[in-house]
Amino acid sequence: MGMEKPVIDALGYTFMQHAVAISILASIACGIIGTLVTVNRMSALAGSIAHASFGGLGLAYLIGIHPLIGATGFAIGSALVIGAAQKRSDTAMAALWATGMAAGLVFIKISGTYSADLMSWLFGSLLAVSGSDILFVGILDILILLVIAGLYKEFLAVSYDQEYSRLQGVPTGFIRGLFLVLAALTAVMLMKVTGLIMVIAMLTVPAAIAEMFTSSLRMMMVLASILAALFSLSGLFLAWILDLPPGAVIILLTAMVYFTSIAIEKIRSNQN
Amino acid sequence: MNPAIEIRDLSVGYRTGKPVLNNINLTVMQNDFIAIIGPNGGGKTTLLKAILGLIKPWKGKITIEGHPVASKAVRAGMGYVPQLIPGKLFPVTVMDVVLMGRLGNSGLFRHFSAADRSAAEKNLRRLGVDHLSNVNMYYLSGGQKQRVLIARALAGEPDILLLDEPVASVDHETQESFFNLLAQLNDSITIVLVTHDVGSVSAHVKNIACINRTLISHGETLSADAVSRAYGCPFELISHGVPHRIIGQKHQEGSSIENNFNGNGKTSD
């Protein structure tokens, strides 16, 4: 069946070109933020923020503001709550996860509208990416790259040893807050494009694979970005060939590589 | 000689109404090498954290070389070697870790300078772990991690070195070379060492303070009675049984630090 739909034909369509562009741009944000999420052992963070922002979506529909504003507001709010919870951040993440989802459902019920638009936030629509989506994610990438380039050593130190960083006069609260806000923006931005499920996968899995094969944070960010781009591009074209939903194929492909890497890592460490 | 650390009427804790430390008065002179001993849960680590300014005193005050702890400059004058905890996999090299000791000398939106890097390299060499500089911390042995953490503390060029349970997770041989190293450093740096293991340190230090919620005793010699009171039970001293100061001085005659860590320059007993 691949013969009937050559991959090269796919690139002739604007929607495919957009999907390729957004996949590459999203991979940069995912690789960098995903690395920080992984090394800070906060893999529930992406899911938590994304579900919390669902509450913001519901509220936005209820009071009639732009959904992106509602979602972003709730995402940043929940990120700051997680930051304030400090050592109990795991509990805070779980609580916000559930609360956001529940609030979203209640708000939508009250507003009396069932919006098909809402479903696209859950499952995304990689094949319906607009030019402004690409612009937003591009701006997000530039913001993340600037922050990480300027504060790399602080992000590394706070992630590795928060207490020691404080002793060295690093504003640890500010750095953690900044990380959580960037994570929130990334989650919301990508949720709109790729859907909630794929955000969770892309923010955790490529970085987790990269962690097994790198010994510096910088290299882990680069490798995680490359892996995320590889997975989403190959998933996208595989989905095109097989005529399957791209988001789901990308996640399955990513998961397959992840579990294979774990097996390789296990064998490698048993040999030593 | 001036006091390096002065603690006056210190009370501090984590939960209201439950002080971990009560009315501590302690003066550590410059170039002292003091061990703070006491049972687990007696407040030793809390005392270190109060000295470092990581927790605020409820009552009383702490001054470092005459200045209050809070300021960044004062903190920069102190090197801290935390208790070794079992490492988790983290993408950080030995060099990355030692450079963290220079964060206080650098600033936001700046890269580490050549001076920061050479300070890190110098201290890695000094501790005999420069060949590990590109290795992930995760793959180091307990003794190697210990040296890296000391190198990190020294990279900031501190006047005072504070160590929390430094001998808890290293073997006997490593302990010996470790104390020789500290004796060398003590020529120019005040050293405060916290431990629950009286036997392993008493022969190497100049002074000992016993702490169990409050200061039990402080002096150059350590009586079995004071230790027993601190630990709340009879305690048999397992140190060498001779006045520790003499042994401590002997160690200062040791050969260079590098030799000690390479294992070919052992000091005689």
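Of the 269 residues in chain B, 54% are buried. Buried means under 20% relative accessible area, exposed means over 50%, and partly exposed lies in between (1.4 Å probe, protein chains only). The model is predicted: local features need pLDDT of at least 70, and side-chain atom pairs count only at pLDDT 80 or more, while totals for chains, interfaces and linings use all residues. Residues are numbered from 1 along each chain as written, chains are lettered from A and ligands numbered from 1 in written order, and side-chain values use heavy atoms, without hydrogens or water.

### Chain B

Chain B holds 10 helices and 10 strands. These are DSSP runs numbered from the N terminus: helices are H or I with at least four residues, strands are E with at least two.

B:V192 gives one example. It sits in strand β8 (residues 190-195) of chain B. Its relative accessible area is 1%, so B:V192 counts as buried. Leaving aside neighbours within four places in sequence, B:V192 is in contact with B:I5, B:V28, B:I34, B:I36, B:L48, B:L161, B:L162 and B:L163. B:I36 is 156 residues away from B:V192 along the chain, yet their C-alpha atoms are separated by 7.2 Å.

B:L48, one of those contacts of B:V192, belongs to α1(B) and is buried. Eight of the nine residues of α1(B) are buried, so this helix is largely enclosed by the rest of the structure. The buried set is B:K44, B:T46, B:L47, B:L48, B:K49, B:A50, B:I51 and B:L52. B:G53 follows α1(B) with a positive phi, near 80°.

### Non-glycine residues with positive phi

B:E65 is not a glycine, but its phi is positive, about 45°. B:E65 lies in the loop between β4 (59-64) and β5 (67-68) of chain B. B:E65 is partly exposed, because its relative accessible area is 31%.

In chain A, A:D243 has a phi near 55°, again positive in a residue other than glycine. A:D243 is placed in the loop between α11 (217-242) and α12 (246-271) of chain A. At 62% relative accessibility, A:D243 is exposed.

### The interface

B:F90, B:P91 and B:L103 supply 24% of what chain B buries against chain A, more than any other three residues. Buried area here is the accessible area (1.4 Å probe) lost when two parts are put together, summed over both.

Two salt bridges are counted between chain B and chain A.

At 8% relative accessibility, B:T93 is buried. Not counting residues up to four places away in sequence, B:T93 touches A:S215 as well as B:S133, B:N134, B:V135, B:N136 and B:M137.

### Salt bridges

A salt bridge puts a side-chain nitrogen of Lys or Arg within 4 Å of a carboxyl oxygen of Asp or Glu. The total over all chains is nine. The table shows some of them.

| Pair | N to O distance |
|---|---|
| A:E163 and B:K49 | 3.1 Å |
| A:E154 and A:K153 | 3.0 Å |
| B:R8 and B:E6 | 3.2 Å |
| B:R102 and B:E157 | 3.7 Å |

The pair of B:R102 and B:E157 links distant parts of the chain, 55 residues apart. B:R102 is in the loop between α3 and α4 (114-126), and B:E157 is in the loop between α5 and β7 (160-164), both of chain B. B:R102 is buried, with 6% relative accessibility. Shared partners join B:R102, B:D116 and B:E157 into one salt-bridge network.

A:E154 and A:K153 are both buried. B:R8 is partly exposed at 32% relative accessibility. B:E6 is partly exposed at 28%. In the pair of A:E163 and B:K49, which joins the two chains, B:K49 is buried and part of α1(B).

How values were computed
Contact means heavy atoms within 4.5 Å.
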